[in-house]
Amino acid sequence: FYVGVRQVGTTNLAFAYQSEVPIRDSTFYFTFPTGTTNWTDFSSIGSTFRIMIEPGLTLANDVGPSTIDFPLGGTYNNLTTNVAPKVTIANFGSNNQSSSFSTTMKIYNASNSLVYTSTKSLTLNAGATSQITFDATFNPTAQLYTAKCYTSLGSDGNKNNDTLTDTFNYSQFSLNL
């Protein structure tokens, strides 16, 4: 089968892409200018990326974190103590998850030592999302952190989307006037 995108204006489509070195030949093509029927293989121009168009199958049971909402990548200054991480969990599957499954947030410090963990249980209808607020017991100090959120559903059909990782930096400073 073939999947394609046609850009009809000058505005960039802003598609996601993936690095692929070397790029597979006879797989990804483009045509330029608009309307021509001459297709050019990405591999023939030395491209090191491919447009991220892929088939996606809907599985019966498939849950996972879709975003880490707080703290997310970047730098935070002077956060108060007792921070409550937040994550949005999605049911990508076609079945309602009416029996509880768990989601866990773990945060590791710059030395890769576990400094925070919290687990919550939830149910989620097919196609729905839910923002989970974990326990407000994370007390950061000035350093780089790695947050990892994962779901645990025994019948999950796609384990590849069960974990989401993000890094963030925390710094402390004071200003005296």
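**Exercise 1.** How many bridges join strand 11 to strand 12, and in which sense do the two strands run?

Solution. The model is predicted. Strand 12 covers residues 163-171, and eight bridges connect strand 11 with strand 12. The two strands run antiparallel.

**Exercise 2.** Follow the bridges from strand 11 to strand 8 and on to strand 9.

Solution. Step one: strand 8 (residues 97-108) and strand 11 (residues 143-152) are antiparallel and are joined by seven bridges. Here Ile107 faces Ala147 in strand 11. Step two: strand 8 is also antiparallel to strand 9, with nine bridges between them. Lys106 has Thr117 in strand 9 as its bridge partner.

**Exercise 3.** In what order do the five strands of the open sheet with mixed pairing lie, and which strands stand at its edges?

Solution. The order is 6-12-11-8-9. Strand 6 (75-77) and strand 9 (114-124) each have a single partner strand, so one side of each lacks a neighbour in the sheet and these two stand at the edges. On average, neighbouring strands of this sheet are turned by 25 degrees against each other, direction ignored.

**Exercise 4.** Describe the open sheet of three strands.

Solution. Its order is 5-7-10 and its pairing is antiparallel. Strand 5 (63-70) and strand 10 (129-133) are the edge strands, each pairing on one side only. Neighbouring strands of this sheet are turned by 25 degrees against each other on average, direction ignored. Six bridges pair strand 5 with strand 7 (residues 86-91). Among the residues involved, Gly64 has Ala90 in strand 7 as its bridge partner.

Technical notes: Residues numbered from 1 in each chain as written. Predicted model: local features only at pLDDT ≥ 70, side-chain atom pairs only at ≥ 80, totals over all residues. Heavy atoms only, no water. Pairing = 2+ DSSP bridges. Helix = DSSP H or I, 4+ residues; strand = E, 2+ residues; numbered from the N terminus. Axes fitted to C-alpha atoms, helices over the stretch in contact; angles between N-to-C directions.
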